[in-house]
Amino acid sequence: MILSKKIRLYPTPEQIIKLYKSCGTSRFIYNYTLALQEENYKQGKSFIKDNDIRKQITLLKQTDDYKWLSEVSNNVAKQAVKDACKAYISFFKGILDKPRFKKKGKCKESFYNDDYKIKFKEDSVLIEKVGWIKIKPNQINLDTHYTNPRISFDGKYWYLSIGYVKGPSTEELTNEVIGIDVGIKNLATCSNGYIVPNINKTLVVKKLEKKKKRVARQISKKFEMNKKGKEFIKTKNIEKSLKEKRLIERRLKNIRLNQLHQATSTIVKTKPSRIVMEELDIKKMKTDKYLARLIQNISMYRFKMILKYKCELNGIEFKTVDKYYASSKICSCCGNKKTILSLSERTYKCEICNKEIDRDLNASINLKNYQFI
């Protein structure tokens, strides 16, 4: 399977300017393609192929107003067109939501580099029309072919993300089956007793969330103070506050992602033969205004996707149970099913066998024992 590798770049000030130019070009071409497709759809015409749009962009580069598009690699615009067209097709197929225009300062700064034009040395990497950028030594295997290289900026550092092929693990698995119940109180409760706590309840995350809210209020007040009529003026102080907010969001994201990787690795390292999870309708769960933010911050879906690819990598069978399966209402001892079980009942008490067990642990055991047809 294809795995990704993320490498930090150490560009010079001149190279940073060139990297920003490539990001800006990628964003402009993406928005240009999206606008063309939307206008074309309103007029009742058929979908414009990416090759036809690229021909239009080639003519656009020859005009005086858009000569700056030629200052970056041609592959940046080429891939931006492909990404926009793919997003638009996925929307009509019902796979993704409607693609939105990328706004400067609010979207992820990134662009594509051709995998056949990117070159590596032990301590540097060649980005087309940017030059050799320094990296930490011995991070790259020079004998491996890397695919889909993308350069991105996370608000603090520049990174290069590349894909490479890795075969499945040959280590022997145990006969153990693990059921995993995900929730809000704890991110995951495993049938073997392992619990992944909700990282958002920790003191570090709570302090960062509080700080983020305080900075957001400061930004809002500064915008109101510098307002001229209906126009909002962005001063240098506002830009400093916006940068501070982005860095807080970056740290929160990294803390949460780190927990997901550590938790999934711990589960996979037990080498079970099968892992069973419940199929959750995250979109429907987010319609509850009281739970939407909690569900978004705990990243249930991302936990599932990370666990799934790690299972595939280690040769572990990954199964999901239908979302209508009442894993929490069924007694894991005698099989009795309760008709009503409120969210406030954290302990499952069976009326038939008098068994008392934690609600989430009971659900995970039921998922473990689920019989697939």
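Guide: Let me start with a definition: the expected span of a helix is 1.5 Å times one less than its number of residues. Helices (H or I, at least four residues) and strands (E, at least two) are DSSP runs, numbered from the N terminus. This is a predicted model, in which local features need pLDDT of at least 70 and side-chain atom pairs count only at pLDDT 80 or more, while totals for chains, interfaces and linings use all residues. Residues are numbered from 1 along each chain as its sequence is written, and side-chain values use heavy atoms, with hydrogens and water left out.

Visitor: OK, what span should helix H3 have, and how far apart are its end C-alpha atoms?

Guide: Helix H3 covers residues 74–92, and because each residue counts for 1.5 Å, its 19 residues should span 27 Å; the end C-alpha atoms are 28 Å apart, which agrees.

Visitor: What sits at the ends of H3?

Guide: The N-terminal end of H3 is capped by Ser73, with a side-chain oxygen 3.2 Å from the backbone nitrogen of Asn75; a polar contact here is a pair of N or O atoms within 3.5 Å, where within protein one must be able to donate a hydrogen and the other to accept it, and residues adjacent in sequence count only if both atoms are side-chain atoms. Just after H3, Gly94 has a positive phi of about 80 degrees.

Visitor: And which residues of H3 are buried?

Guide: Among them are Val76, Ala80, Ala84 and Tyr88, where buried means under 20% relative accessible area, exposed over 50%, and partly exposed in between (1.4 Å probe, protein chains only). The cover over the buried residues of H3 includes helix H1 (13–42) and strand E6 (147–153), with contact meaning heavy atoms within 4.5 Å.

Visitor: Switching topic, how many disulfides are there?

Guide: A search of the whole structure finds zero, a disulfide being a pair of cysteine sulfur atoms within 2.5 Å. Cys107 is in no disulfide, as the nearest cysteine sulfur, that of Cys23, is 8.6 Å away.

Visitor: Last one: is strand E9 enclosed or open?

Guide: Five of the five residues of E9 (residues 186–190) are buried, so this strand is largely enclosed by the rest of the structure. Strand E8 (residues 177–182) pairs with E9 in the antiparallel sense over three bridges; two strands pair if DSSP finds at least two bridges between them.
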